[in-house]
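User: I would like to learn how to read salt bridges and surface features in a structure. Can we work through one case?

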Amino acid sequence: EWHTISSRKVAASLKKADKLRKGLDHYEAKVNRINFDKDRAATKGGTSSDAYNGYCKKLERNEEKMKVAKAAYDSANQESTALIEEVTVKGWKDLFPALMKL
């Protein structure tokens, strides 16, 4: 029973962290793409063009979203690590007496 419960908790925690990592990857790629488009707009129309200004605003919004996504991922990753460590320590404590009987 302990094994089943801990396995489910760890799996759910890792799944959550993976989902948040995918969200972070999305925003990192999007920010890189917007930076590229912004630079291209600056080359074509200068830094006072409407396209350049639009990309600057878009970049600012998405960088903020990326910061939030990174904070959420870091938090979930720390939770997963702590849970795995706890399961490992408790599992060893439960296993050791059984090994001593052998």
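Analyst: Start with the term itself: a salt bridge is a side-chain nitrogen of Lys or Arg within 4 Å of a carboxyl oxygen of Asp or Glu. Side chains of opposite charge can pair when their charged atoms come close. The model here is predicted. In this case R21 forms a salt bridge with D18, and their closest N and O atoms are 2.7 Å apart.

User: Is D37 buried or exposed?

Analyst: The cut-off for buried is under 20% relative accessible area. D37 has 18%, so D37 counts as buried.

User: Which residue forms a salt bridge with K90?

Analyst: That is E86, with the closest N and O atoms 3.1 Å apart. K90 and E86 sit 4 residues apart in helix α2, about one turn of the helix. K90 is partly exposed at 42%, and E86 is partly exposed at 41%.

User: Which residues form a nonpolar patch on the surface?

Analyst: The patch consists of W92, L95, F96, L99, M100 and L102, which together have about 690 Å² of accessible area. M100 is located in helix α2 (residues 50-101). The cut-off for exposed is over 50%; M100 has a relative accessible area of 57%, so M100 is exposed.

User: What is the overall build of the chain?

Analyst: The chain has 2 helices and 0 strands. Its C-alpha trace spans about 80 × 20 × 15 Å along the principal axes. The radius of gyration is 23 Å, whereas a compact globule of 102 residues would have one near 13 Å. Buried residues make up 20% of the 102 residues.

User: How should I read the contacts?

Analyst: Look at sequence separation. Of the contacts between residues at least 6 apart in sequence, 75% join residues at least 24 apart.

How values were computed: Residues are numbered from 1 along each chain as its sequence is written. This is a predicted model: local features need pLDDT of at least 70, side-chain atom pairs count only at pLDDT 80 or more; totals for chains, interfaces and linings use all residues. Side-chain values use heavy atoms; hydrogens and water are left out. Patches are made of residues with over 30% relative accessible area and no salt bridge: like charges are joined within 9 Å, nonpolar side chains (Val, Leu, Ile, Met, Phe, Trp, Tyr) within 5 Å. Accessible areas come from the Shrake-Rupley method with a 1.4 Å probe; for residues, only the protein chains shown count as cover. Buried means under 20% relative accessible area, exposed over 50%, partly exposed in between (1.4 Å probe, protein chains only). The radius of gyration is taken over C-alpha atoms; the globule rule is 2.2 Å times the number of residues to the power 0.38. Contact means heavy atoms within 4.5 Å.
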